[in-house]
Amino acid sequence: MTDPAAAALARHAIAVATVLEFAARSGAHRVVLLLDAGDEPPTMLELVHGAPLELTEAGVTHTIEAGAGVDAPLPLPELRPAPATALQVDPVTGELAAPLGVVANLGEALLGLAAAFGGRSVATADFPTRDADRPLTIAARQGEPIVLAVGEEQFVLSQ
């Protein structure tokens, strides 16, 4: 009898490796990748800083422990993360203070993550800011604008 978690990991080993690589290189505290599964519900990979990756497929969630055998990640765009102290957001005004090009680079990298898996796949990530209670969330899907969110407020990243 096959272990269901091992079977799910085998089916999504490249996606798991790519999410782990993205999180390590980007400094994101949370990364979610929704893999387009056509007419079926998407498969979700979620990695929260300090916790094991969770893979949800067909409504069943599997915990993927660190060090589980995974494939090599897909290539990712260049990532230039900034320390949390360099990112400041004001959800009321929509003002974002960050080093030049950092937010655009993170948005393009998320777009590259989503595009690597094609279709309607979506990638989101939460990045820490000066205000620990207010992370900057960036979401991307191929063919759509990159969206930034702080709390309940959402903004489209101008390109």
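Q: Why is R30 called partly exposed rather than buried or exposed?
A: Buried means under 20% relative accessible area, exposed means over 50%, and partly exposed lies in between (1.4 Å probe, protein chains only). R30 has 29% relative accessibility, so R30 counts as partly exposed.

This is a predicted model, in which local features need pLDDT of at least 70, side-chain atom pairs count only at pLDDT 80 or more, and totals for chains, interfaces and linings use all residues. Residues are numbered from 1 along each chain as its sequence is written, and side-chain values use heavy atoms, with hydrogens and water left out.

Q: What makes R30 and E46 a salt bridge?
A: A salt bridge needs a side-chain nitrogen of Lys or Arg within 4 Å of a carboxyl oxygen of Asp or Glu. The closest N and O atoms of R30 and E46 are 2.8 Å apart. R30 sits in strand β1 and E46 in strand β2 (residues 43-48), 16 residues apart, so the pair links distant parts of the chain. Strands here are DSSP runs of E, at least two residues long; helices are runs of H or I, at least four; both are numbered from the N terminus.

Q: Is E46 buried or exposed?
A: E46 has a relative accessible area of 16%, so E46 is buried.

Q: Which residues are joined with R30 into one network of salt bridges?
A: Salt bridges that share partners join R30, E46 and D126. The count of salt bridges comes to 8.

Q: How do you know that E21 and R25 are about one helical turn apart?
A: They are 4 residues apart in helix α2, which means a separation of about one helical turn. An α-helix has 3.6 residues a turn, so residues three or four places apart point the same way. The side chains of E21 and R25 meet in a salt bridge at 3.9 Å, N to O. E21 is partly exposed at 29%. R25 is partly exposed too, at 32%.

Q: How do you know that the length of helix α2 agrees with its residue count?
A: The expected span is 1.5 Å times one less than the number of residues. Helix α2 (residues 13-26) has 14 residues and should span 20 Å; its end C-alpha atoms are 20 Å apart, so the two agree. Just after α2, G27 takes a positive phi of about 80°.

Q: What makes β4 and β10 edge strands?
A: Two strands pair if DSSP finds at least two bridges between them. The open sheet has 8 strands in the order β4-β3-β2-β1-β7-β8-β9-β10, with antiparallel pairing. β4 and β10 (153-156) each have a single partner strand, so one side of each is left without a neighbour in the sheet. The twist averages 15° from one strand to the next.

Q: How many bridges join β3 to β4?
A: There are 5 bridges between these antiparallel strands. E57 stands opposite V60 in β4.

Q: Why is A58 called exposed?
A: A58 has a relative accessible area of 71%, so A58 is exposed. A58 lies in the loop between β3 (53-57) and β4 (60-64). Its phi is near 55°, a positive value in a residue other than glycine.

Q: Which residues touch the most other members of the largest nonpolar core?
A: A nonpolar core is a set of buried Ala, Val, Leu, Ile, Met, Phe, Trp, Tyr and Cys residues joined through side-chain atoms within 4.5 Å. The largest has 38 residues, and F22, L45, L110, F127 and I138 touch the most other members. Helix α3 gives the most to this core, with 8 residues.

Methods: Axes fitted to C-alpha atoms, helices over the stretch in contact; angles between N-to-C directions.
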